[in-house]
Protein chains: 2
Amino acid sequence: MKISIAQLDYHIGNFESNIRKIREAIQQAREESADLILFAELAVPGYPPRDFLEFDDFIHECELGIHSIAQDCRGIAAIVGSPSRNTNPRGKRLFNTAYFLAEGKVMAMTHKSLLPNYDVFDEYRYFEPNRDFQVIEYHGIKIAVTICEDLWNITDTPLYTASPMEILIQQHPDMIVNIAASPFHYDQMSIRRDVLARNASTYGLPVFYVNHIGAQTELIFDGGSMVVDRKGRVLDELNYFQEDLRFYRFDKAKKNVLLSDRGIMGPQNLDTSRIALIHDALVLGIRTYFRKLGFREAILGLSGGIDSAVTLVLAAEALGNEHVRAVLLPSRYSTGHSVRDAVELAENTGVPYQTISIEEAFRSFESLLQPVFGDRPPDVTEENIQARVRAVVLMALANKFGYILLNTSNKSEAAVGYGTLYGDMCGGIAVLGDVYKTQVYELAAYINRSREIIPVHTIQKPPSAELKPGQQDSDSLPDYDLLDRILFQYIEMCQGPQDIIHMGFDEKTVRKVLRMVNTNEYKRHQTPPILRISPKAFGMGRRMPIVGRYLS
Amino acid sequence: MKISIAQLDYHIGNFESNIRKIREAIQQAREESADLILFAELAVPGYPPRDFLEFDDFIHECELGIHSIAQDCRGIAAIVGSPSRNTNPRGKRLFNTAYFLAEGKVMAMTHKSLLPNYDVFDEYRYFEPNRDFQVIEYHGIKIAVTICEDLWNITDTPLYTASPMEILIQQHPDMIVNIAASPFHYDQMSIRRDVLARNASTYGLPVFYVNHIGAQTELIFDGGSMVVDRKGRVLDELNYFQEDLRFYRFDKAKKNVLLSDRGIMGPQNLDTSRIALIHDALVLGIRTYFRKLGFREAILGLSGGIDSAVTLVLAAEALGNEHVRAVLLPSRYSTGHSVRDAVELAENTGVPYQTISIEEAFRSFESLLQPVFGDRPPDVTEENIQARVRAVVLMALANKFGYILLNTSNKSEAAVGYGTLYGDMCGGIAVLGDVYKTQVYELAAYINRSREIIPVHTIQKPPSAELKPGQQDSDSLPDYDLLDRILFQYIEMCQGPQDIIHMGFDEKTVRKVLRMVNTNEYKRHQTPPILRISPKAFGMGRRMPIVGRYLS
C-alpha cells in the first residue's frame, strides 16, 4: 500500500482555501498512484477554530467541505480531520473526527477520545469524547486511526484515565495513523518524537503522523509530520516550517514501512538547536500572521536597543526588508549612540527608515497637563507619556498607510510589567513576547552568526528604556540573568514562592518579582497576541485572575 | 436541625480575608446554635482561581485554610468549597470539592461531577470529575451534597451523559445541598430558580443553595442563595448583590424546611426588572473591582454622549461621587451642546470635573506627521489621533494621581469595532462593554426614573463620535435598533448569516455587520475586561480566532 502524508498550512474558517489545498494534494497523490493520503486534525476548518464551532452554520460548512473532498476520493482513500455532530441528545454537540473517505463517500468516522483541555487547548469546550473504538479496514489492512492527544497518554504522568490504543490493539491493527494539530514550542520536536516512538515500540506497529504547519495568530505549527517504524525508529520526517507532501510504501506482511519512492529524505536544511528553532518559528509566525490577515507591510519603532533590533531582523526575514518600515522616535532622553545603532541596523538590513522626533508632541502634553500637575515631581507618568506619544505616531502611520505595528516587548518585560500600556505595549502581534530577555540576546547572536547584522554595540550596552536621564533597566529590575531564572520557575514550572526560595534564590527578590508578575496581569490582558515558542506563553495558555491577591 | 446559609464575597487568592470571613460566619452561626452552615463552591480560594490552581503552593494554601476552618467546627458542621488533590496518578491533579467539616476535622469530601467547560467556564482544565457518589449522614440526616453544575443537567438539553442526583437519590437522602459559584447574567435569576425548583420537585426534597456575591474582574456574582421546599416552591431568597447570613429549620420527619427564626424575609429592596438587575450588577461590579484592586478613585472622559454619562452615574453610585473625576476633552469638532450636556451631568451628580482641550496636542501631531502624510486627505487616521490624544491625557492623570480609567465603550461599538484601539477603547474596566447601545438608553431612562440626572438632550440627540465635522454614528453603522438585533442573533444566539437573513433582515446589512464583528476581533483582544451582564459577553466567554477568514 502506498501512503501519502500531506503537511499543509490551513487557515481557520477559510473553507475555500483549505478545501482547495486538500483536493490538490489528493489529485497529486492520485497521480503518484497512492492508495491512501493523510491530512491533519481539523484540517477542513483549520485549527483551532475556537468558538466558531458553536455556530451551526460553521459546522454545516465543514460538512459541505467533507462532502466535496469525498467526491475526489475514488481509487484513493483519504483521512481528513473535521468536526462532526454528536447525534446523541446528551453531551457536547460535536466530535473531533477523523473522516475516512473512499469510493466517493464517508466510509468511516473515528472520533477523538482524549481531548486536551490545558494550556492553549480548550477541546472539551466543544467536543464529546469518543467511547466507541473500531479499527478501519482498507485494502485488507487494519488501520488504528487516532487523533493527536489519543496517543499522548503514554507518558509517565498520564492526564487521562484511559488510552484508546489499549483498546484498539485488541483488534490487531497493522499500523497506527495519528492526525494531529500539535503547535510548536522549543521542546516539542523531541517530545513528539519520543511519544510517537514509544507508541510504535509499545504496540509493535509503525506510526504515520501528520501535523499542521503555519500559524494561527499566536500558535505556530512547525509540521514535523513523520513516519516511525515498528521498532520506534524515526524513518522519515517531513520538512519543518513549510508545506510538504511525501510518499511511503507499507508492507503488510512485515507490518512495517519501506522507503518512499524517492528514498528517505529527512527534513531539509534544519538547524535543530533550540535558538535556531525559535528563530525559524518566529519568522514563520510573522509571515503567516500577515498573509492570513491580508497585510504585506510592517512598521516598528526602532530604539537602538536589542528588542526592536531583533524584531526588525525577524520581520525583514519574514516579509522582505522592503516590506518593513522602521521609525526612529527620539526624545530628549535618547542617547546619540542609540540613534546611531538604530541607523546602522536599518542600513545593515536594507530596511527603509525615517526619524520623527517626539519632542514637540511630548512638550505639548507637558504644557497641557501643567495646570493640573502643578509642581508635582516627574515620575513614571512622564515616562509613560513619551512611550504613548510614540505609539500615537506609529499607529497613525500604520492607519494611514495600512501597516501592522509590530510589538517589540520581550517576555521578561511582559512578565514584570516593565512597559507602558498603550505605549510600547501596542502592536498587532508581539514578536518577542514569549522570548525572555536572555533569549533575545541568544537570538541576536544567532542572527549575527555569519556577519554583524545587529550592531555589536546594541548587544553589549546595558539595556535602557531611555525615558529619563541615565535610566537603565537594572535601576528597577534584577539583572536579567537572575530575573529570567526566577520567572522561568514561576511561569513555566508553576513553582510557588517557597519552592523558588528553596532553590537558593534571595527571598526578597523572589517575592518582589512574583508580586510584579501578579500585579501586572491587567497590563498583559490588554496587550497584543504573542507568538508562542515556549511551553507556557502569556496569552490564551496562561489564564490568570486580574483581581487576585495571591502573593500581592 | 438548624441550618445557616452564608452568602459571602470572596477574593481570589486572598486567603487571609476569605478564611477570616468564613470563620466569622461560623462563629456567628454557632452563637445562633446552628447545627450546619453552608459556604459556596471554592470559597477558600475564591472563584474562579483560574491557573493559580496549577500552583502546588496555591493548593497547599487552600489545604491550610480548610484545616484552620475545621478547627472551628466543633458543635457545628460546615460545608465549604475548596480544591482537593486527586490521589490517583491518572487524570487531572485536582477535584473541585465540598468539604464536610465537623468535630474539628474533615469528615467527608464530595467532589464535583459535572464540570462546566463552556462560555466563561474552564473547570475541566483543572479538575477530574467525580465518579464516587455518597450521601453524607450527619445528626441522623442524610444530605445529598452537590456542587453547582451537578444539579444543572436537568434541563431539556442535557450537556452531560450522567446526573449525580440520579445516583444519590438511590441512597434516600433527606435534603439536597448545592454549593455554587454561579455568575450573574440578566436571565440567570429565573433560570436558577427553575433549575433548583425542578430538582426539588423531581426528587421530592428541599434544596439549600448557596452562591457567591461580589465580582472577580469581569464576573459578577449576584448571590441569590435560596431555600426551595420539596414541592419546588422558593421558600426564601437571601439578599441580592450583598453579603447575607440566614438561618432555617429543617424537619427530618417531613423532609422539609420550616421558617427561619426570624421568619421568611425574602430579598430586600429588589427591583427584578431586567434593566434594574443590570444596573445593580454593574454598580456591584465597579465597586468590587476597585476595592479588590485597592483603588478608590475613578477617572473618565466625559463627551456629552450617553455612554460616558451612564458610566459616570454608575461609577458615582459605586464609588461615591467624590471618588469620580470627570474630564471634558473637547477638540475642534466638539459641539457646544456636548460640552454643555457634560457639564450639566457633572453638576447633576456632584462629580468634580475639569476641562482640558486636546486641540494643541492634536495640532502638534498633525504638524509632526505632515512631512510624512503630505497632502493625503484626512481619514480615520486623524479621528484615531484625537481619540488617542484623549487617552494619553486620561492615562497621565490616572498614573499621576492613582485613578483607574473607566472605559465607556458599549457592546454594539465593541462588536463592530467602532472605536479607537489605544484611544477610547482604553481603560481598566469596561463598564458598558456587555451593554448594547439600545440597552444603554434603557439604563439612562432607569437612572432618570425619579429625576433628570442625565440631561434629556444627551438622551435625545443622535449619537456621534464628534471626530470630524457633522459626524454621526449612522454615517458608518445601521441604526442601533437594527444593528443590535442583528448582533444579538450573531453573538448571543450563535446564528450564522443564512439563519439571520432568513429571519427577514436585509442580506447586505447582515453580511456587513457580521464581517465587521469578525474583522475587529483584533481590537477586542486588546481591550479592558468587560463587566459581564449577558449570557454571552466579549472576553473570556467568547473565544474567537483573530486570523480567521470565516465570513470575511
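Helices here are DSSP runs of H or I with at least four residues, strands are runs of E with at least two, and both are numbered from the N terminus. With that convention, I begin with G548(A), which lies in the segment after helix 17 of chain A.

Before the details, a word on the source. This is a predicted model, in which local features need pLDDT of at least 70 and side-chain atom pairs count only at pLDDT 80 or more, while totals for chains, interfaces and linings use all residues. Residues are numbered from 1 along each chain as its sequence is written, and chains are lettered from A and ligands numbered from 1 in the order in which they are written.

Is G548(A) buried or exposed? It counts as buried, because it has 26 C-beta neighbours inside 10 Å; the cut-offs are 20 or more other C-beta atoms within 10 Å for buried, 12 or fewer for exposed, and partly exposed in between, with C-beta atoms placed from the backbone. Leaving aside residues up to four places away in sequence, G548(A) touches N518(A) and, across in the other chain, I12(B), G13(B) and F52(B). Contact here requires C-beta atoms, placed from the backbone, within 7 Å. G548(A) and E521(A) are 27 residues apart in sequence, and their C-alpha atoms are 9.3 Å apart in space.

I turn to the interface. In total, 77 residues of chain A are in contact with 77 residues of chain B. On the chain A side, helix 9 gives the most, with 14 residues. The residues of that side divide into 40 nonpolar, 19 polar and 18 charged, where Ala, Val, Leu, Ile, Met, Phe, Trp, Tyr, Cys and Pro count as nonpolar, Asp, Glu, Lys and Arg as charged, and the others, Gly among them, as polar.

Of its 22 residues, 17 are buried, so the helix is largely enclosed by the rest of the structure. G402(A) follows helix 9 of chain A and has a positive phi, near 80°.

Finally, consider chain B. The axes of helix 8 (residues 359-373) and helix 9 (residues 380-401) of chain B come within 10 Å and cross at roughly 130°; axes are lines fitted to C-alpha atoms, for helices over the stretch in contact, with angles from 0 to 180 degrees between N-to-C directions. At this crossing, A361(B), F362(B) and F365(B) of helix 8 meet I385(B), Q386(B) and V389(B) of helix 9. These contact residues comprise five nonpolar, one polar and no charged.

Terms used. Contact = placed C-beta atoms within 7 Å.
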